[in-house]
Every structure is written in structure tokens, then in C-alpha cells.
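Please open the model in a viewer and keep the sequence beside it. The tour begins at a single residue and then widens to the whole chain.

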Amino acid sequence: MKLQYETLDIPYEFTFTISRHSHSHATTVIATLSWERNGQTYQGQGEAVPSQFYGEDAQSVCRFYQQLTESGLLSDLTPFDLQKLHTRFAALEGNMAAKSGIDQAFYDLQGKYLNMPVWQLWGLDPAQAPKSSYTIGIADLDTVKRKTEVALSRGYDVLKVKLGSPNDVEIFEAIRALAPHPQITMRVDANAGWEVSDFLEIAQLLRENHVEFVEEPLKLSCTDEDYARLKAESPLPLMADESCHVLGDIPRCAQYFHAINLKHTKTGGLTEALRMIHAARAHGLGIMLGGFGESSLSVTAFAQLSPLVDYCDLDGALLMAEDAYEGIRFEGSRFYLPHRPGLGVIPRQGHP
């Protein structure tokens, strides 16, 4: 098996701001694996979506891929050697986004070789996938209103509102005024932006306005006692994101949250995410699939798991000004998985 890779720079449609930072574009890395079988060459692709919050960027992903190439770590593997792959990856610290790109490509190769979509290989029913939310990032009130109007005009009826700024109440009320209940479902994500007192101060307003759940409300400097207090006093369900990375985080999340947000950048790919879904079910946790700013390549890859979860936030490619790949198809907040083999993703004109 041979690995090739290249970076992909994607501008956001609007500057994307959360409680920690702002971004005008995303830089991802496309991994392409080639595998020969019975005289035929198959190619599988995956997308590494690095986050500086988790210690990665495009340069670190490329260095990791160069290391894989020079060491020959992938050369003797077939697309069905996932256990061997992840045993080898376990000896290489970190680089979860980079590992995810390879993991995705393995599944893409499996499906293409067997001429089946990945969701079908897993025996899943794509009709059971929940709707996806569309994210409204932090901004000044005029920009927030314009973003909301754009989202509603495109038929999105599930909105995820980013809070964790000094203007939280104004931002929330402005969006809710444009997106009334029950026509529009609203979720809130503070991206670890609040102290306990900050959350409890706004929580009643959110509950009265029918917010479905609140994602990662507390600053990561908060203690377990803070999390325990919040779960006991919160009038709304709580979802872990920055607090939940891999399988070993599930038991703690079950103590302090009602649900978890999985992202392939954190889990290292579909393989670990699938394990986490089953573990979360055993702990009584709700599950959401999420992502970052990315193309439809990795969005579609992760969406293969969507029939197994309760919520989706798979709008990463929708937030971008352009998309290099054609895969998952949206009709408002409802989406449809492709029926093509593998991940079912094809490049748009001008892209590899």
C-alpha cells in the first residue's frame, strides 16, 4: 500500500468565531492510499482535519505522513488490516487527525474493492440518520442576524448557536427572534467558555427558549466538583466535546454529562468512534457526530456512522465558501448518504 498526500486550503463563507478563536479558512490534508490486487489498482481517500487546540496543524500532519512513508509502516497492509494498523498507530503518540485520514482511506478502499458503500458494509440503514444542525458562530449582532437569515433561507431548521462571549444574551435572543420555536430546533455550544456561575445565570433563559442541550459549558480549568455541581443543577442536558476524546474518556463523561460529541479529529478515525458509540450506549449517554471546517470528504466519511447516533452536527463543509468534494447531500438539515462504493465521495472539477 502506498501513501500520497497534499494540503487543501478552504475559505470559510463567514469568519468563524467561537469562544477561543476566529478562523477565515481551514487547511486540511488529503491522504490517498493506493493498493494493488489481482492486477488492478484501487485508491482510497481520507481527510485529516487538524486542530491547533489538539496540538496539530497541516505541517504536523504532513510530517507524520512522511514518517509513515519513510518507515514503510503501511506498505505490507491491506485495507482489511485495520487491527494491525491501529496496533502500529498506538505506538506513535498523538497525531489523531493524521491517523483519522488514514483510517478513513482504509474504509474507502474496503468499500471500493467490495463495490459497496461503507454504511452498507456495516449493515446500517441511512434512513435512520438524524438531522444535522447548522452552526451560527459568535459575531457582532448584525453579522449574527445575517448568518441566521442565510441559514434559514437554505432550509436549515436545526441551529447550533456558539456562545461564550460577553454578548451571549444579545446573540441568543437575536437568533431566537429570527428562528422561533417550534419551527426551529436550537442547540447551544459554549466551547468551554463559562464558569459555573456564568452558565447557571443564562441557563434559565435557554431552557425557557426550548434549547435542546448545551455543549461543553465549563472552562477546562474547572474541577470535577464544578462539573458535578453543574450536572446536579443544570435545567438542560449537557454534552461533552472538549472533555471527550477517546474510548477511555467515556466513564468520566457518564458522570458529568448526558451526551458526548464525537469528532474524527479527536478519535483518530471511524474505528475508534465506532467503539466509543457502543461504549457510550452501555453508559446511557446520548451521542452526536461533529466536526470542524472541512470538505465533504471527511464529513461524508464520518457520516457513515450517523444511523447509530442521536444527533449530528455535520455542517463542516456547509460553512465553507467552496467544497472540493461531492459526497453527503443536504436538503435543509436533512442529509443523505451517497450510494457509491466506499465513502461514496468524488472530487469536484479541478481537485484531485
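Select Lys160, which lies in strand β5, residues 158–162; strands are DSSP runs of E of at least two residues and helices are runs of H or I of at least four, numbered from the N terminus. The model is predicted: local features need pLDDT of at least 70 and side-chain atom pairs pLDDT 80 or more, whereas totals for chains, interfaces and linings use all residues. Residues are numbered from 1 along each chain as its sequence is written, and side-chain values use heavy atoms, without hydrogens and water.

Is Lys160 buried or exposed? Lys160 is buried, with a relative accessible area of 1% (buried is under 20%, exposed over 50%, partly exposed in between, with a 1.4 Å probe and protein chains only). Next, display its surroundings: leaving out residues up to four places away in sequence, Lys160 touches residues including Arg187, Asp189, Glu215 and Asp313, contact meaning heavy atoms within 4.5 Å. Then select Val214, 54 residues from Lys160 along the chain; their C-alpha atoms are 9.5 Å apart.

Move on to Tyr65. Neighbours within four places in sequence aside, Tyr65 is in contact with Leu3, Tyr5 and Val29, among others. Tyr65 is also one of the residues that touch the most other members of the largest nonpolar core, which has 106 residues; such a core is a set of buried Ala, Val, Leu, Ile, Met, Phe, Trp, Tyr and Cys residues joined through side-chain atoms within 4.5 Å.

Finally, show the whole protein, with its 12 helices and 15 strands. The C-alpha trace spans about 65 × 40 × 35 Å along its principal axes.
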